Amino acid sequence: MSIARAEINRLVDVTPDDVEAPSELSFARNVFVPLTTACRYTCTYCTYYDPPGQASLMRPDEIRDAVRIGADAGCTEALFTFGDDPDDRYTQIHEQLAELGHGSIHSYLREACEIALEEGLLPHSNPGDQTRAQMEQVADVNASMGVMLETTADVQAHGGPRAKSAEQRLNTIRVAGELGVPFTTGILVGIGETWRDRAESLLAIAALHERYGHIQEVLVQNVVPNERWQADPVPVPTMRRAVAMARAALPESVSVQVPPNLSPVRELVDCGVDDLGGVSPITDDYINPDYEWPALAELRDIAAMAGVPLTERLPVYDRYVNDEWLSTRIERAIESETEAGQRFRSVLDG
């Protein structure tokens, strides 16, 4: 994707003084369901993946137990994650899928989403890179989907024989637009990218949204120290400037999100943050297990400090809750007279 040099230069010059603070902060209440920790990639900052032979697959009864507990706790979102094409690299995962009657991880993801809907949660899946056929297989049982672009740059942290490809990531975001799937993406700050790389990444996201209108939120996420990534934390001034760049690059309707368990949110809100993402009252952040989710009381404190209201949202943003964007399956779930449907509508009604 070609981005005009003048646009990159304009965005590189943006500072927090160039953007406005939000009028409110939103969040979603979710349950985190990692279908498997297998991944075809081995990014040097990631603790999510386990090596072949150590990763396993969540069983259907485990998925049902997790989402049922989430629904009982008042959640609205089932966040499904797994590494990119885990059945491509892990023989054990492929064999476990076959035992469960599935020929691919996406076929199994569809079953997991159906379980979540049966138990009263709206699925939001983040399966990494996806082909059109893969996304078509699961799009109608998801309220929204997502993948982190991370960066358009070629960084060493993505290196190795199975390096992540920015073009594959961008193609996944493009396919979501073509299929009309409300989508979440974002950039990762601190993995070796430059300021121009950050600007180019944000402008690439903005260009895809301008074409398809499907980007509901963009994360600005700092990489954090962990057992595989020993670099110093990303400085607060860097995060402030990166968040401001995201706000300046995107239309006002697209939310800018920072994860409250990873980022110094209180020092970033005035740079244009208006969403705190999915926060779970019952499960860990399995991608960053050393960093606990904040309690709802802490989110209220953050909003109070910023002088704005805190509002709860569904995994699909309000403006996408219509016939044009939602599948019949998701519409039925939201309009249902069940306890879950009433919970979804109460969140929509504020």
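**Entry 1: Leu268**

I began with Leu268, which is buried, with a relative accessible area of 0%. I note at the outset that the model is predicted. I placed Leu268 in the loop between E7 and E8. I then listed its contacts beyond the neighbours within four places in sequence: Val236, Met239, Arg240, Val243, Val258, Ser263 and Val273. I also looked up the separation of Leu268 from Ala244, and found 24 residues in sequence and 8.8 Å in space, C-alpha to C-alpha.

**Entry 2: Ser255**

Is Ser255 buried or exposed? Its relative accessibility is 6%, and the cut-off for a buried residue is under 20%, so Ser255 counts as buried. I found a polar contact of 3.4 Å from the side chain of Ser255 to the side chain of Asp274. With neighbours within four places in sequence set aside, I recorded that Ser255 touches Gln216, Glu217, Val218, Arg247, Asp274, Asp275 and Tyr317.

**Entry 3: Helix H10**

I examined helix H10, which spans residues 296-306, and noted Leu299, Ile302 and Ala303 as buried. I asked how these buried residues are arranged about the axis of H10. Viewed down that axis, they fall within an arc of 95°, so they line one face of the helix. The general rule I recalled is that an α-helix has 3.6 residues a turn, so residues three or four places apart point the same way.

Against which strands do the buried residues of H10 pack? I recorded strand E1 (25-36), strand E8 (275-279) and strand E9 (310-313). Just after H10, I noted that Gly307 has a positive phi of about 75°.

**Entry 4: Helices H2 and H5**

I then looked up a pair of helices. Two packed helices are described by the angle between their axes and the distance between the axes. For helix H2 (residues 60-72) and helix H5 (residues 105-119), I found that the axes come within 9 Å and cross at roughly 35°. I recorded the crossing of H2 and H5 as right-handed.

Which residues make this contact? From H2, I listed Pro60, Ile63, Arg64, Val67, Arg68 and Ala71. From H5, I listed Tyr108, Glu111, Ala112, Ile115, Ala116, Glu118 and Glu119.

Technical notes
Residues are numbered from 1 along each chain as its sequence is written. This is a predicted model: local features need pLDDT of at least 70, side-chain atom pairs count only at pLDDT 80 or more; totals for chains, interfaces and linings use all residues. Side-chain values use heavy atoms; hydrogens and water are left out. Buried means under 20% relative accessible area, exposed over 50%, partly exposed in between (1.4 Å probe, protein chains only). Helices (H or I, at least four residues) and strands (E, at least two) are DSSP runs, numbered from the N terminus. The arc is that of the directions from the helix axis to the C-beta atoms. Contact means heavy atoms within 4.5 Å. A polar contact is a pair of N or O atoms within 3.5 Å; within protein, one must be able to donate a hydrogen and the other to accept it, and residues adjacent in sequence count only if both atoms are side-chain atoms. Axes are lines fitted to C-alpha atoms, for helices over the stretch in contact, and angles run from 0 to 180 degrees between N-to-C directions. A crossing is left-handed if the near helix is turned anticlockwise from the far one by less than a right angle, and right-handed if clockwise.
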